[in-house]
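Subject: Handover of a structure, with findings

Dear colleague,

I am passing the structure below to you, together with a short account of what was found in it. Please read the account with the structure open beside you.

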Amino acid sequence: MPLLHLLSPYRRPAAVFAAVLVLLLILDGGRGDLLGSSLLFSLFQMFGTVGPVALGVGLTMLIGEFDLSVAGMVGMAGCIAVMTGGDNPWLGLLIAVGIGLAAGVLQGWLMTRLKLSSIGVTLGGLLIFFGISYALTESRSIEYPNLDVADVLGRKLVGFLSIPSLVAVGLYVVVALVFGMTKLGRDLIAVGSDRRAAVSAGVPANALVIATFGFSGALAALCGTLLGYSLASAAPTGLANVLVPATTAAILGGVSLAGGTGRPGGIALGALTICLLQAGLNALGMSSYAHEILVGLVMLTIAILDGSRFSIRIDELRLSLRRS
Amino acid sequence: MSAILSVDRISKSFGAVAALQDVSLTLQAGEIRALCGENGAGKSTLVKILMGIERPDTGSIAIDGTSVAIRSPSQAQALGLAQVAQELSVIPSLSVLDNIWLGSAQVPLLHRRRAFRQRAQDALARIGAGHYDLDRQAGTLSIGECQMVEIARLMVRDARVLILDEPTATLSDTEIEAIFAAVRALKAEGRSIIYITHRMGEVFSLCDSVSVFRNGRHIVTKPVDDVDRAGLIEMMLGRSFEDMYLCRQQGATGRPALAVENLGVPGVVHGFSMTVPRGRLVCIAGQVGSGAHTVLRALAGLELATGRVSVDDRPLRLNSAPRARAQGIHFISENRAAEGIFGRMSVADNVIATRLPAASRLGLLSWPRLRREAARLIRDAGVDERRLGSMIGDLSGGNQQKILFGRAIGQTPGVLLMNEPTRGVDVGARAEIYRLMRSFCEQGFGLVMTSTDLEEIVGVADIVLTIYRGRLIGRYEKEAITMNAILTDITHPPALTRNGINEAAAAS
């Protein structure tokens with residue numbers, strides 16, 4: 001059954017998603033606050049913001065690296081787009097995404113050329129992007145005059161989607177297809193699984209690392225631009241904490257920090273899980289720190305279930321049960 | 001026959017070190033050529049040059065008589081040169097099919113799955129591995145199966161010269177047979193094979209001709225029919241070779257250094273018992289996966305195990321490595337890189353790593369004392385003292401093993417456990433390691449080793465225990481130690497008697 005084996009990477013992320021849904025339903029206790037009409041819309045609005053960044057960070061994790069700089073890039077790209085796109089939003093988008101792509105490629109090139117760790121390089125990138133945003137905006141929040149754009153971006157489409165969330169969904173579909181059907185996907189998995197082995201098999205690992213960081217930078221810039229346009233303003237600190245939910249989404253989606261595991265579909269499910277938790281808790285009227293604690297608990301539970309100690313214990317238990 | 005590959009007067013230096021000097025070779029189509037030499041003889045430099053990883057300083061390479069410059073691995077691939085490196089490049093999270101096509105220049109961006117499946121399947125079938133499931137995850141394959149996948153990968157790339165670097169180093173006998181069959185099938189298709197090995201037996205049973213390298217020079221190339229074992233070893237070492245193995249200990253023995261009763265590791269080892277007399281070298285013989293390695297790991301406290309074990313008549317509580325060490329059990333792993341050396345630290349730091357408490361006062365390390373201690377230990381282990389400051393990862397496998405040996409035999413030696421003591425160690429250093437092991441035994445300590453190399457087992461052991469699927473099969477001493485008996489036990493043992501031991505063997 002070739003189809004079944006294609007589904008296997010998604011089993012765990014799907015189970016986590018279901019578990020979170022059950023947890024929320026229990027917290028709701030039958031009052032029905034949760035399943036109000038706006039839950040799905042706000043879930044996908046969040047997905048439109050967190051989703052692309054999670055995809056970028058998740059892909060860098062999948063190839064065994066890590067992109068810290070996305071948090072800075074989202075803010076910087078937002079500022080750049082709002083400042084340059086006043087007359088033509090497409091121009092702002094193009095400039096911002098272009099800069100994101102270039103910055104990512106540059107970081108990837110530094111890593112592969114000088115054999116540096118991605119954590120060090122992207123930490124540098126993060127601080128530089130923050131610095132540039134502050135310099136550009138003189139540390140103030142800047143307004144985006146073109147309110148029509150914000151209006152268009154916030155409009156509901158097909159019931160619960162909007163342009164940002166449609167873009168996010170579309171990106172995931174494209175990347176999932178690339179992974180499932182092309183040589184490029186296999187090569188990326190090989191690079192993340194065992195860099196040395198991939199190189200000696202003839203995979204152009206350095207080029208793939210550079211491209212992945214470029215993609216991650218471009219996605220972060222896209223996310224920052226859409227956010228800036230929707231809110232009709234941008235600030236240097238815009239969404240500076242996006243790195244935590246994005247990384248969490250990737251890990252929930254089955255991507256390990258060691259690289260090589262996890263698939264785009266898994267990252268999508270992970271991001272949806274994070275957004276569901278957030279949107280659900282908002283709908284239930286819970287405070288934001290309750291949200292953080294809950295996400296922490298979910299992560300901890302997964303870490304424990306995944307740990308080798310735990311599975312050894314389970315195996316031992318099974319063995320002793322069979323013997324008795 | 002025509003020359004498919006010819007290498008003409010190649011030299012390569014790294015700084016002041018001449019890795020290859022004036023090397024010329026020709027390889028015919030359909031020839032299996034063994035490449036022999038000690039570590040550092042220049043074999044791997046030659047392979048790197050052929051694979052486009054290094055460039056020669058002088059000299060030229062010709063393929064089918066046409067002179068070529070190999071500037072990159074992808075160019076080597078296009079020219080039909082390919083290698084299976086010692087460290088395999090199979091990606092565990094991809095399927096067998098994807099691994100076979102990985103990195104191939106022929107695959108378009110979108111997979112044309114059916115055609116490519118068929119060609120991968122053909123390649124596997126031609127080397128006798130047609131039963132492999134193409135959709136199986138490579139991570140679930142054994143090392144031997146991974147080797148076959150790598151060979152299939154070279155076949156779909158239509159490589160004409162295949163370089164295999166010690167492909168059988170970690171394989172069981174049936175897997176070795178599969179590799180041999182695959183190599184012969186490649187030869188039958190007219191492909192040429194360069195076969196690098198430390199195992200003499202394989203040179204004679206598999207290869208057509210042998211090229212010997214020593215100190216960066218190509219010494220000689222001869223058909224295997226024109227050389228014998230002793231002559232080959234002599235050419236590799238450059239001096240006449242006194243018997244590598246030392247005579248067995250025959251005298252009376254004292255009290256046991258180590259007694260093991262009913263050792264069990266769930267799923268791997270079942271009811272294993274043995275006694276190790278003082279001054280004897282005991283060898284547990286078994287194939288890869290037989291549980292031999294696990295027995296020693298369990299005794300060293302590295303596996304969860306049950307059973308009664310005593311060291312010098314004092315009972316040992318299992319399942320703790322520090323406790324085992326405190327009672328005088330020292331363990332040297334078969335996996336030097338992961339469990340032996342600290343690769344990026346100096347030789348001195350490595351050799352004293354386990355005895356820092358002894359050389360410290362009030363928790364402060366005394367560096368002069370440590371330095372003296374380190375110098376003494378590596379002198380005892382037969383390594384040049386000037387190496388103390390070098391990074392251990394840069395040393396040869398043989399020297400690394402000697403340093404680990406020096407670290408294990410401390411001021412409180414009791415029992416030394418060694419898994420595969422000569423894996424990745426060349427012929428010259430092997431003899432020295434056997435001598436170290438023997439002198440350790442002669443001081444009245446017990447030594448238990450495991451090995452998958454039959455020749456080594458018969459050569460060095462005083463007592464041989466055979467193990468099959470985690471159970472003790474037989475026990476042999478003195479003249480009863482023969483290759484045949486051991487080989488039978490570890491591959492297809494006779495039916496077990498009630499107490500689990502082959503009685504015919506036990507009676508001898």
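Predicted model: local features only at pLDDT ≥ 70, side-chain atom pairs only at ≥ 80, totals over all residues.

**Domains of chain A.** The domain assignment divides chain A into domain 1 (2–286) and domain 2 (288–324). Their C-alpha centres are 28 Å apart. Contact between the two involves ten residues of domain 1 of chain A and seven residues of domain 2 of chain A. On the domain 1 side, the elements that contribute two or more residues are helix 2 (11–28), helix 12 (243–252) and helix 13 (264–283) of chain A. Of these, helix 13 of chain A supplies the largest share, four residues. The domain 1 side comprises eight nonpolar and two polar residues, with no charged ones.

**A hairpin in chain B.** Strand 9 (residues 209–214) and strand 10 (residues 217–223) of chain B pair in the antiparallel sense, over six bridges. Within this pairing, B:F213 stands opposite B:H218 of strand 10. The two strands form a hairpin with two residues between them, and B:N215 in the turn has a positive phi of about 50 degrees.

**B:Q21.** This residue belongs to strand 2 of chain B (residues 17–28). Leaving aside residues up to four places away in sequence, B:Q21 touches B:S11, B:G216 and B:R217. B:Q21 counts as partly exposed because it has 16 C-beta neighbours inside 10 Å. From C-alpha to C-alpha, B:Q21 and B:V351 are 34 Å apart in space, and they are 330 residues apart in sequence.

**Helix 8 of chain B.** In this helix (residues 229–237), the buried residues are B:L232, B:I233 and B:M236. Viewed down the helix axis, the buried residues fall within an arc of 95 degrees, so they line one face of helix 8 of chain B. Their cover includes strand 3 (32–36), helix 7 (200–206), strand 9 and helix 15 (427–442) of chain B. Helix 8 of chain B is followed by B:G238, which has a positive phi near 80 degrees.

Yours sincerely

Note on methods
Residues numbered from 1 in each chain as written. Chains lettered and ligands numbered in written order. Pairing = 2+ DSSP bridges. Buried ≥ 20, exposed ≤ 12 C-beta atoms within 10 Å, placed from the backbone. Arc of directions from axis to C-beta. Domains from an automatic or database assignment. Nonpolar A, V, L, I, M, F, W, Y, C, P; charged D, E, K, R; others polar.
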